[in-house]
Amino acid sequence: MLRLLYISDAKEGINEDAVNGVLKSAAKNNPPLGITGLLVFGGGVFAQILEGPEQAVLRKYVQIATDMRHHNCRIVYITTTQERIFKGISMAALEAQPMEMEHIAELDARRHETVPADAFTDLMRVFFSRIQALP
């Protein structure tokens with residue numbers, strides 16, 4: 001199984017309706033592919049984590065990279081894994097809080113380096129705990 005985090009710059013004028021469109025599409029298309037994950041948005045940036053079978057995740061990323069709602073799509077972190085962080089979640093969405101955006105920006109700045117796994121995992125745990133707290 002593969003876990004991939006990418007970051008992209010939202011096109012100007014992207015709003016909550018656009019994010020809801022992504023979620024609706026993901027709810028329909030991701031389960032048959034075995035893909036789970038999280039979309040984080042805010043500050044003109046999207047960050048999305050995709051988890052699932054390697055080929056499905058890579059194909060989905062290529063498809064996402066051509067989406068006109070964003071540009072400058074770049075993989076920040078990619079790894080194989082045995083366990084999902086977002087098990088049973090076809091695609092959740094969170095509006096990023098300022099400190100989370102800072103962590104995302106730091107991961108982005110270090111994307112050409114080897115990012116320590118715990119830096120990525122710690123941020124994912126924060127996101128997961130926020131999802132669990134949603135009504």
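The legends below describe close-up views of a predicted model. Local features are given only where pLDDT is at least 70, side-chain atom pairs count only at pLDDT 80 or more, and totals for chains, interfaces and linings use all residues. Residues are numbered from 1 along each chain as its sequence is written, and side-chain values use heavy atoms, with hydrogens and water left out.

View 1. Helix α2 comprises residues 54–65; helices (H or I, at least four residues) and strands (E, at least two) are DSSP runs, numbered from the N terminus. With 12 residues at 1.5 Å a residue, α2 should span 16 Å, and its end C-alpha atoms, 17 Å apart, agree with this; the expected span is 1.5 Å times one less than the number of residues. Ala-56, Val-57, Lys-60, Tyr-61 and Ile-64 of α2 are buried, where buried means under 20% relative accessible area, exposed over 50%, and partly exposed in between (1.4 Å probe, protein chains only). Seen down the axis of α2, its buried residues fall within an arc of 130°, so they line one face of the helix; the arc is that of the directions from the helix axis to the C-beta atoms. The exposed residues Arg-59 and Val-62 are carried on the face turned away from that buried side. The cover over the buried residues of α2 includes β1 (2–10), α1 (16–33), β3 (45–52) and β4.

**View 2. The side chains of Ser-8 and His-70.** Ser-8 belongs to strand β1 and, at 0% relative accessibility, counts as buried, while His-70 belongs to strand β4 and is buried with a relative accessible area of 6%. Their side chains are joined by a polar contact of 2.6 Å; a polar contact is a pair of N or O atoms within 3.5 Å, of which, within protein, one must be able to donate a hydrogen and the other to accept it, and residues adjacent in sequence count only if both atoms are side-chain atoms. A polar atom of the His-70 side chain also lies 2.8 Å from the backbone oxygen of Ile-64, a buried residue of α2.

View 3. Leaving aside neighbours within four places in sequence, Ile-89 is in contact (heavy atoms within 4.5 Å) with Thr-36, Gly-37, Phe-128 and Ile-131. Ile-89 and Thr-36 are 53 residues apart in sequence, yet 5.4 Å apart in space, C-alpha to C-alpha.
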